[in-house]
Amino acid sequence: MLARAFPYTLALTIAGFFVVPFLINQAPYESTMGLVQKIFYFHAPSGMMMFVAAFTCGIASARFLFTGRRESDRLALAAAELTVVFGLMVLITGPLWARKAWGVWWQWDARLTSSLLLWMMFTACLLVRRFGGPGSEKLAAAVALFGMANVPFVYISVNVWRTLHPRTSVVPSLGASMGVPFWFAMATFLCLFLTLLAVRLRLAEEQDALEELYLEADDRTAFA
Amino acid sequence: MKRVVVCSVIALVLGAGPAAMGSAAAQPPSGAAMDEYVPVADLPPDEQLPAVPLVLIAYGVFWAGVLVYVGTLWRKLGAVQKEMETLKRSLRS
């Protein structure tokens, strides 16, 4: 399904990223933070895509653990990589914004710390797959499930604990002048996520097909 | 009885320590500290951090990250496809 939708998601992503800079430029400055607040239009969607990727990875990992299907394992791998990529975007753009807005690069508050931990969990998932040896896919799937379970806590952390990070109520309260660029950027990032997921899945499928071919070659050599 | 007294003393000491530290932390800052502290928003313009480089770096990091990741995927896909073609040819022969 993703492969069939790939040309459309790619076209929408390219079109979206052509339009979004104009919308961000047109959006008004925030009253207290000024220009630096414009990082928000890439920072927040990156964060949401990190959550979407983490959920995708967790659900695919659960499916792999219970059914053993290789397609689910490939999807989990692709989604785990995208969680790390989008997470890295969040963890870099956030401190750049924070340095100007809060006066510090980093604060060990609930949102920032839990986001860092989430990113580290999925990095650990990838490291387990890479270096864990045969059978490490199931261990990585278990780590991914644990990571997925953390996503709701990361999201609500700003509402439950006292943090420097803005609360989740900020986004629904955005006026049209900021809301339109924000939601447009969010839709563009979703298309980007689906496009990257399709490409990464394709790579995983080709790598599995190559492995099958090597096994076939080994069998032929053994019986020759 | 002796054990109860010892435990009570230890509990009092352990409880008093953080309480003392907390009360020390809660004391209002001295006059010198109050005079030197300036909120970030009240800094004079020439001492404020410029926003433009931060915004440019943020967007630049995003684009660099996406392009590097896409480039890596492209390269790996090409290598895998090439290897598959080579292997298929050798299997056919």
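1. Helices, in the account below, are DSSP runs of at least four residues, numbered from the N terminus. The model is a predicted one. With that convention, chain A reads α-α-α-α-α-α along its sequence, a total of six helices and zero strands.

2. As to overall dimensions, the C-alpha trace of chain A spans about 75 × 35 × 25 Å along its principal axes. Chain A holds 224 residues, of which 41% count as buried. Where contacts in chain A link residues at least 6 apart in sequence, 76% of them join residues at least 24 apart.

3. The pairing of H1(A), residues 2-26, with H6(A) deserves a separate point. Two packed helices are described by the angle between their axes and the distance between the axes. For H1(A) and H6(A), the axes come within 8 Å and cross at roughly 145°, and the crossing is left-handed. The residues of this contact comprise 22 nonpolar, five polar and one charged.

4. Helix H3(A) has 32 residues. From its first C-alpha to its last, H3(A) reaches 46 Å, close to the 46 Å expected at 1.5 Å a residue. A residue is taken as buried if 20 or more other C-beta atoms lie within 10 Å of its own. In H3(A), 24 of the 32 residues are buried, so the helix is largely enclosed by the rest of the structure. Just after H3(A), Gly103(A) adopts a positive phi of about 85°.

5. Chain B also contains zero strands, and its secondary structure comes to three helices. Its elements run α-α-α from the N terminus on. Of the 93 residues in chain B, buried residues make up 5%.

6. The contact between the two chains draws 29 residues from chain A and 23 residues from chain B. On the side of chain A that touches chain B, the elements giving two or more residues are H3(A), residues 70-101, and H6(A), residues 176-223. The largest share of that side, 13 residues, comes from H6(A). By class, the residues of the side of chain A that touches chain B divide into 17 nonpolar, four polar and eight charged.

7. H6(A) crosses H1(A) at roughly 145° and gives the largest share of the side of chain A that touches chain B. H3(A) has 24 of its 32 residues buried and is among the elements that give two or more residues to the side touching chain B.

Definitions and conventions. Residues numbered from 1 in each chain as written. Chains lettered and ligands numbered in written order. Predicted model: local features only at pLDDT ≥ 70, side-chain atom pairs only at ≥ 80, totals over all residues. Contact = placed C-beta atoms within 7 Å. Nonpolar A, V, L, I, M, F, W, Y, C, P; charged D, E, K, R; others polar. Expected span 1.5 Å × (residues − 1). Buried ≥ 20, exposed ≤ 12 C-beta atoms within 10 Å, placed from the backbone. Axes fitted to C-alpha atoms, helices over the stretch in contact; angles between N-to-C directions. Left-handed = near helix turned anticlockwise from the far one by under 90°.
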